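Subject: Structure handover and what was found in it

Dear colleague,

Here is the structure I said I would pass on, with the sequence alongside.

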Amino acid sequence: MARPNNIRKFLLISHIGSRRKPAPWWSSADWESVDRIKAALPDYYKAKLDADEYFSVMAAQRREKHGDTDFQAINLRPTTLSDDPATGKVEFGRTGTGDRLPISREDVAIVADEVLACSSVGGYQDLISGQTPIKEAVEKVGRSGLCCFEGEDLEAMRERFRESL
């Protein structure tokens, strides 16, 4: 089957709170922290949400219409960012929101590099500060096949973007 293009991986860096409803594993405190961000930065929240949903629809369309099962669509979703130096330690995959514990931009960049080097990480991946060395955290998610898209409604996303597809 012909491939739609040569791009094999696409990494979108978003925000952990870019969801219409709480992730099933979040606590009420996690969702409250997202609500505070949505209230403080409504345009930021809407832009992140629209980009995430469009990206999800396009990745699904690429798999379904073009049979491209090798494409890695990765949505890296860090919590609030800081300018602190890297710690080299994170929690990656299915996490809480890390409310009040920002992650350094440098740690996010290191995780992005590790994720792009890993052939088995895809989908939504949440990222907060933590105690697991970055390489170990990424490899664990890669081995597990974990994706944090659970609770999202792909069909509703398709409907929102039907006109632009």
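In this predicted model, Arg94 lies over the face of Trp25, at 4.4 Å from the ring centre.

Arg62 is found in helix H2, and with a relative accessibility of 8% it counts as buried, because buried means under 20%. A polar atom of the Arg62 side chain lies 2.5 Å from the backbone oxygen of Ile7. As for its place relative to Lys46, the two residues are 16 apart in sequence, and their C-alpha atoms are 24 Å apart in space.

Ser56 is also in helix H2, and at 9% relative accessibility Ser56 counts as buried. A polar atom of its side chain lies 2.9 Å from the backbone oxygen of Asp52.

Next, the aromatic rings. A pair of aromatic rings is described by the distance of the centres and the angle of the planes. The structure holds 4 aromatic pairs, and two of them are described here, starting with Phe10 and Phe55. The ring centres of Phe10 and Phe55 are 5.3 Å apart and the planes stand at 45°, so the pair is tilted. As to accessibility, Phe10 counts as partly exposed at 40%, whereas Phe55 is buried, with a relative accessible area of 12%.

The other pair is formed by Tyr124 and Phe149, which are edge-to-face, with 4.9 Å from centre to centre and 85° between the planes. Distant parts of the chain are linked here too: Tyr124 is in strand S6 (residues 123-129), while Phe149 is in the loop between helix H4 (134-144) and helix H5 (154-161), and the two are 25 residues apart. Tyr124 has a relative accessibility of 2% and therefore counts as buried.

Rolling a probe the size of a water molecule over the atoms shows where empty space is left. The largest pocket has a volume of about 360 Å³, and of the 20 residues that line this pocket, the closest to its centre are Ala59, Arg63, Ala73, Gly122 and Gly123. Helix H2, strand S2 (72-78) and strand S6 each supply at least two residues of the lining, and H2 gives the most, with 5 residues. By class, the lining of the largest pocket is made up of 11 nonpolar, 7 polar and 2 charged residues.

How many cavities of 30 Å³ or more does a search of the whole structure find? The search finds 1 such cavity, and about 40 Å³ of space lies in the largest cavity. Its lining consists of His15, Gly17, Ser18, Val34, Ile37, Lys38, Tyr44, Tyr45 and Lys48, and the elements that give two or more residues to this lining are helix H1 (28-40) and H2. When the lining residues of the largest cavity are divided by class, 4 are nonpolar, 3 are polar and 2 are charged.

Arg162 is in the segment after H5 and is partly exposed, with a relative accessible area of 46%; Arg162 and Val57 are 105 residues apart in sequence, with their C-alpha atoms 9.6 Å apart in space. Lys89 lies in strand S4 (residues 89-93) and is partly exposed as well, with a relative accessible area of 35%. Between Lys89 and Ser119 there is a separation of 30 residues in sequence and of 21 Å in space, again taken from C-alpha to C-alpha.

With best wishes

Notes. Residues numbered from 1 in each chain as written. Predicted model: local features only at pLDDT ≥ 70, side-chain atom pairs only at ≥ 80, totals over all residues. Heavy atoms only, no water. Phe/Tyr/Trp six-rings, centres within 6.5 Å; stacked < 30°, edge-to-face > 60°. Buried < 20%, exposed > 50% of the residue type's maximum accessible area, 1.4 Å probe, protein only. Helix = DSSP H or I, 4+ residues; strand = E, 2+ residues; numbered from the N terminus. Lys NZ or Arg CZ within 6 Å of the ring centre and 35° of its normal. 1 Å grid on protein atoms, 1.4 Å probe; cavity = no way out; pocket = protein on both sides within 12 Å on 5 of 7 lines; lining within 4 Å. Points joined across faces, edges and corners; volume = space filled by probe spheres on them. Nonpolar A, V, L, I, M, F, W, Y, C, P; charged D, E, K, R; others polar. Polar contact = N/O pair within 3.5 Å; in protein donor to acceptor, adjacent residues only side chain to side chain.
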